Amino acid sequence: MARNLFKHDPAIGYRFVPNLKGRVRHEGGGYLVRSNADGFRSDRPFVREASDTQKRVLFFGDSNTAGDGVSNGKRFVDVIEKHLDIAAYNYGLPSSGVDQQYLAWREAGHDVEHDLLVLCPMVDNIRRNLQSARLIHSSMSGDLVMLPKPYFELVDGTLTLRNSPVPKGHLPAPEEEAPEDTSPSGLRKVARKAMGMADKQFPGIRSWSQRARRLALPEAYNDPDSEGWLLMAAILRQWISEAKTPVILCPIPMFDHISGKFRAEPYRQRFAELAKETGVEFVDILDGLRKIDATGDAPLRFPTDEHPTVAGHVAIAAQMVPAIRKHLSLDTKPLSVASNS
Amino acid sequence: MTKPYILGVSALYHDSAAAIIHGDTIIAAAQEERFTRIKHDRRFPVNAINYCLEEAMIDPDEIEAIVFYDDPVLTTDRILKTLANAGPAGQEQWMTGAAGLLAAKLQIPRLVEEELGMDVPVLFTEHHFSHAASAFFPSPFDEAAILTIDGVGEWATTTLGRGVGNRVSIDQEIHFPHSLGLLYSAITYFCGFKVNSGEYKLMGLAPYGQPVYADLIREHLIDLKDDGSFALNLEYFGYLDSKVMTTPKMDALFGGPKREGESRITKREMDIAASIQVVTEEAVLMLARHIRKTTGMKNLVLAGGVALNCVANGRLLREKIFDNIWVQPAAGDAGGALGAALMVAHHKYDVPRSAAPAPGADRMSGSYLGPALTNEEVEAFVDFGNYPAHRMSDADRAKRVAAEMAKGKIIGWCVGRMEYGPRSLGARSILGDARNPEAQSVMNLKIKYRESFRPFAPAVLRDKASEYFAIEEESPYMLLVAPVQEDIRVAQEITDAEDMLSIVNEPRSSIPAVTHVDYSARVQTVDGVAKPDYFDLITQFDEQTGCAVIVNTSFNVRGEPIVMTPQDAYRCFMRTNMDVLVVENFVLFKDEQPEFEDAGNWREEFELD
């Protein structure tokens with residue numbers, strides 16, 4: 001049984017147990033987790049007043065930003081902090097939707113003086129925004145359970161917060177894990193089941209098929225009027241409107257986007273449109289990651305776990321550094337991937 | 001070079017564990033069973049390793065070496081030769097047991113790489129060197145004679161050596177199959193308890209009996225020589241060529257077959273226990289006298305499973321063969337993880353031995369080397385479960401809990417870093433009022449769900465220990481048995497009862513809950529340095545009641561590993577008749593808790609040892 005990493009938070013759903021010192025076993029060899037007094041995975045305290053000597057940048061995102069799989073100090077936020085000599089505040093919250101990331105900003109980041117706000121939604125977070133509970137492995141028991149979360153609904157075009165305060169406790173896990181994307185038709189369910197059976201018989205056939213079909217997943221990005229995108233866009237629009245500093249919008253692609261298995265154009269288009277509409281900078285790191293993935297020696301992701309390795313974090317950091325440097329008017333060199341991986 | 005981080009591992013026999021040191025500073029050590037909740041878990045200790053890296057806050061690439069506590073090649077040699085000598089009778093045992101174990105041991109480097117995701121250098125030491133290192137290096141002594149006694153390592157079962165500065169050496173060995181540990185384990189088995197875990201029950205049973213079989217044991221089972229060496233009569237032991245510990249000759253020797261587990265314990269078992277205890281003590285004393293003579297040293301350190309026999313340790317102390325004695329609190333195989341790491345640090349990397357933290361103090365930090373909980377973690381737990389809890393300052397907690405104990409309440413106490421080794425020393429303990437004559441049976445039958453004869457240990461303020469017990473020395477690790485002072489004893493009628501239950505609950509002193517049937521007690525002395533929270537609690541109890549002694553037993557139920565997390569502690573608290581649970585600065589009262597929903601028949605979850 002591992003140490004429990006999270007505590008209930010009525011506004012966000014959960015956050016890290018404050019002042020935690022833990023280590024998580026993992027296929028990459030395990031990783032160290034430290035949290036600060038505010039309950040975020042950071043070695044540094046989050047100070048409200050601005051510093052005279054260091055620029056301060058706030059990062060929000062999910063487990064990719066929080067750094068599941070790698071130790072504190074080795075995540076892309078840490079790499080950027082070190083390279084640019086800035087104070088990087090990491091508010092990443094594993095398994096969260098953009099709804100929770102926005103609520104974390106409202107609860108814990110809004111009043112912290114800073115120079116730049118970097119939003120790093122993982123592309124797949126669009127599905128989580130629609131959920132009122134997340135299927136997780138309880139860090140207390142190891143069991144699969146449903147953890148309630150806050151979520152928004154669009155009511156007459158207005159964001160309306162639900163499940164707030166977030167109820168305590170776990171809900172029983174469903175008999176079968178929820179399907180990966182929303183509401184497949186009956187025929188597609190059958191096809192998916194058949195493909196699953198075929199993949200067991202001939203490992204890799206599902207992946208080959210997806211690559212061949214160049215699916216555009218998650219599907220919600222395909223239609224600007226889809227429920228998922230309307231909600232995602234509304235949350236981000238609200239967030240950006242409340243920001244007091246310049247904002248960078250830097251979606252983190254899925255590895256299936258990097259490998260080319262999933263078509264990325266829909267999500268890139270949606271975020272680009274939103275950035276243009278709201279006047280923030282859209283930092284598209286996909287091409288850079290694809291290039292490093294194709295030429296680099298070290299794998300960017302773990303074999304099974306779909307999170308970035310240390311090399312993956314360095315690669316992500318390298319793609320973000322130019323935009324952050326520009327916003328902060330810093331005179332530093334580009335980040336070399338080779339020297340940090 | 002800078003001080004290396006070295007990770008020690010003991011595994012794949014019983015009581016797997018890991019320990020990490022930095023230079024020769026012990027950073028962390030823990031047994032795997034506490035994490036997996038499987039008693040005596042023997043699997044590769046992935047969780048304990050994870051914890052060690054957590055406590056050190058290092059990544060695997062910062063580890064200089066990982067040291068396994070024994071040498072699988074030598075173990076293979078011993079097993080192959082033993083089975084070759086056993087002939088066809090031993091083949092099944094080889095095929096079903098030893099081969100799989102060895103295959104695993106030979107793959108330690110692969111297991112390490114799988115767990116840590118990288119190729120860390122893996123070194124091997126020898127089993128009894130690990131024990132010797134665990135006994136000497138953390139001890140308070142600059143030099144000492146070293147005695148290790150256990151079941152079996154690779155070949156050695158008993159070693160006599162010495163430690164000086166940052167070196168240990170072994171001068172003499174007694175080899176398998178002649179083993180004091182295996183003799184004790186065979187009798188444990190014969191009396192119906194589990195091998196490698198029920199030995200301490202046999203020790204606790206001994207005072208109920210008379211050593212009427214001692215001569216029989218000396219005559220038929222073990223040949224004790226004047227120089228401390230010994231040889232077993234292998235006709236009585238089955239461990240060479242079968243899956244059982246004893247042969248039918250043992251049945252004949254003791255007048256009938258072995259006792260079956262959980263059946264009634266009869267006078268025969270009590271007398272056998274008393275007899276083997278006497279013979280074991282004789283063997284230990286003879287070894288001690290011999291090593292004193294050959295080394296000329298005035299200090300003795302001990303490790304190996306037999307060193308957990310605190311009755312023998314107490315006898316050794318009283319005989320004054322050595323001026324000073326120190327016993328490694330994790331004397332069993334779990335302690336081998338620490339010894340292996342220390343052995344390599346000093347012998348391979350020539351790490352100098354650092355000064356003791358204080359004159360006469362050891363380097364074990366009270367054996368509080370396991371995980372601690374933070375108040376934030378506990379708060380997260382009670383908040384998530386909506387468990388009513390009261391957060392108190394250290395001072396208020398001591399005062400309130402002492403008052404509850406004085407009212408006869410039983411306390412679950414989960415405060416500070418968990419103990420390394422088999423004993424609960426006030427970090428994961430169930431506590432009660434030693435003056436309460438019913439405490440022993442209540443704690444045994446309604447909380448621990450174990451045999452009623454099992455004695456409980458006293459925890460006493462160090463400066464007041466001699467008011468209650470005939471002991472002048474410190475005993476922080478509960479590894480010394482001392483007599484209860486005569487002036488607080490209550491005379492009892494000597495009976496020759498067949499049924500021990502009739503004598504278990506007889507009050508024998510003013511602290512009956514911790515006074516064994518022979519007026520002995522397994523004493524833990526407590527000071528304010530190693531464990532201030534525990535010291536403050538007993539001090540408060542003393543101030544409120546005039547008694548500086550409390551009852552301390554491990555925080556678990558029968559057959560369950562000692563609790564580690566708030567979840568473990570709360571579950572155990574709610575399943576049993578404990579009244580109060582203390583987890584760090586949070587105090588929970590049973591009568592305030594919501595109804596506890598528990599899945600399955602948990603009483604069948606854990607077997608008796």
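Is A:Tyr102 buried or exposed, judged by its relative accessibility? I looked this up in a model that is predicted, and I noted that A:Tyr102 has 1% relative accessibility and therefore counts as buried, since the cut-off for buried is under 20%.

**Entry on the partner of A:Tyr102.** I found that the ring centres of A:Tyr102 and A:Phe152 are 5.9 Å apart with their planes at 45°, so I wrote this pair down as tilted. A:Tyr102 belongs to helix α3 of chain A and A:Phe152 to strand β10 (residues 151-155) of chain A, so that the pair links distant parts of the chain, 50 residues apart. I also checked A:Phe152, which is buried with a relative accessible area of 5%.

**Entry on all ring pairs.** I counted 32 aromatic pairs over all chains. I then looked at A:Phe40 and A:Tyr91, whose ring centres lie 5.0 Å apart and whose planes stand at 65°, so the pair is edge-to-face, as the angle is over 60 degrees. A:Phe40 is in the loop between β4 (31-34) and β5 (56-61) of chain A, while A:Tyr91 is in the loop between β6 (87-90) and α3 (98-109) of chain A, so the pair ties together parts that are 51 residues apart in sequence. I noted A:Phe40 as buried at 0% relative accessibility, and A:Tyr91 as buried with a relative accessible area of 1%.

**Entry on the cluster.** I saw that one aromatic cluster includes A:Phe40, A:Tyr91, A:Tyr102 and A:Phe152, and among its other members are A:Trp105 and A:Trp239.

Key. Residues are numbered from 1 along each chain as its sequence is written. Chains are lettered from A and ligands numbered from 1 in the order in which they are written. This is a predicted model: local features need pLDDT of at least 70, side-chain atom pairs count only at pLDDT 80 or more; totals for chains, interfaces and linings use all residues. Side-chain values use heavy atoms; hydrogens and water are left out. Rings of Phe, Tyr and Trp (its six-membered ring) pair if their centres lie within 6.5 Å; planes under 30 degrees apart count as stacked, over 60 as edge-to-face and the rest as tilted. Helices (H or I, at least four residues) and strands (E, at least two) are DSSP runs, numbered from the N terminus. Buried means under 20% relative accessible area, exposed over 50%, partly exposed in between (1.4 Å probe, protein chains only).
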